[in-house]
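Student: Please show me the model. I have a few questions about it.

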Amino acid sequence: MSETLEAQVPALRARDLGFRVGGLDIIRDVTLTIAPGHFLGVIGPNGAGKSTLFNLLSGVLRPSAGEVELDGHVVTRRRPAERARLGLGRTFQTSSLFNGLTAFENVRLAAQAHRGGSGRFWRPPRPHDADSVRAGEALALVGLADRASRVTGLLSHGDKRKVELAVLLASEARVLLLDEPMAGVTADDVAHLSELIAGLHREGHTVVMVEHHMSVVVGLAESIAVLDAGQLLALGTPDEIVANETVQRAYLGQPL
Ligand SMILES: Nc1ncnc2c1ncn2[C@@H]1O[C@H](COP(=O)(O)OP(=O)(O)OP(=O)(O)O)[C@@H](O)[C@H]1O
Ligand SMILES: [Mg+2]
């Protein structure tokens with residue numbers, strides 16, 4: 001991380017972002033600036049627009065208004081694969097893995113797709129090529145070295161989420177958009193995944209994480225954005241957000 005006083009180029013930036021469908025604002029006027037190496041938590045009730053925001057940032061959806069910038073480059077009209085090549089990685093709320101492939105094959109495909117572009121997608125695996133080595137390292141990092149050859153569909157839910165993180169690591173993503181990485185996993189896996197994600201942040205990754213486990217978000221994030229009905233309701237440190245009366249009123253009796 002830079003220690004200079006120069007204005008840092010944000011790792012990721014949303015400027016006046018809007019997404020409108022059928023006359024309805026799903027996302028409205030969202031502006032967020034995320035510095036390199038920062039950890040931003042995103043919270044908000046069901047249907048607030050959190051996943052839609054990720055879709056706009058990653059290029060799955062085109063915004064109706066505003067711009068997305070990655071490392072200072074406007075990428076608003078760039079496709080998801082192009083943004084991925086620029087270092088943006090994203091996990092989905094529901095698992096996006098190939099269940100019929102092994103954990104290793106899933107991760108190796110990500111390494112290969114990142115390096116080889118979108119054309120030659122599958123080449124027969126050779127055990128010591130660069131992609132295989134990177135896949136093995138990524139799986140070891142998430143603690144799945146011993147389950148690398150298991151068929152992904154047969155892994156526990158928590159282990160699948162770890163494979164998804166390994167996929168991101170193998171694709172050399174620097175900016176990680178994690179959409180509820182701990183949804184539906186056991187308490188043990190929440191602890192393990194939290195430690196894993198904290199480690200990625202310590203290593204210098206920029207992390208933006210949507211998560212309903214409030215204690216996890218408050219524990220990991222350096223700042224928290226609260227989305228409500230498609231708009232940014234509040235942005236601040238975890239302490240500020242927990243103490244924020246507007247936020248509390250918006251969630252009256254409802255877990256954040
Ligand atoms: N492409 C689309 N067309 C129409 N409506 C959409 C589209 N995408 C999302 N929506 C609607 O936008 C709202 C926000 O959805 P989104 O999935 O982004 O919320 P969320 O905050 O991620 O919710 P959850 O916590 O349940 O994951 C919902 O009402 C959803 O039905
Ligand atoms: Mg969602």
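Student: In strand 7, which residue is the bridge partner of T91?

Tutor: This is a predicted model, where local features need pLDDT of at least 70, side-chain atom pairs count only at pLDDT 80 or more, and totals for chains, interfaces and linings use all residues. Residues are numbered from 1 along each chain as its sequence is written, and chains are lettered from A and ligands numbered from 1 in the order written. Strands are DSSP runs of E, at least two residues, and helices are runs of H or I, at least four, numbered from the N terminus. Four bridges join the parallel strands 6 and 7, and two strands pair if DSSP finds at least two bridges between them. The partner of T91 in strand 7 is L178.

Student: Why is A140 classed as partly exposed?

Tutor: A140 lies in helix 4, residues 130-141. A140 is partly exposed because its count of other C-beta atoms within 10 Å is 13.

Student: How far apart in space are A140 and A234, C-alpha to C-alpha?

Tutor: In sequence, A140 and A234 are 94 residues apart. In space, their C-alpha separation is 38 Å.

Note on methods. A residue is buried if 20 or more other C-beta atoms lie within 10 Å of its own, exposed if 12 or fewer, and partly exposed in between; C-beta atoms are placed from the backbone.
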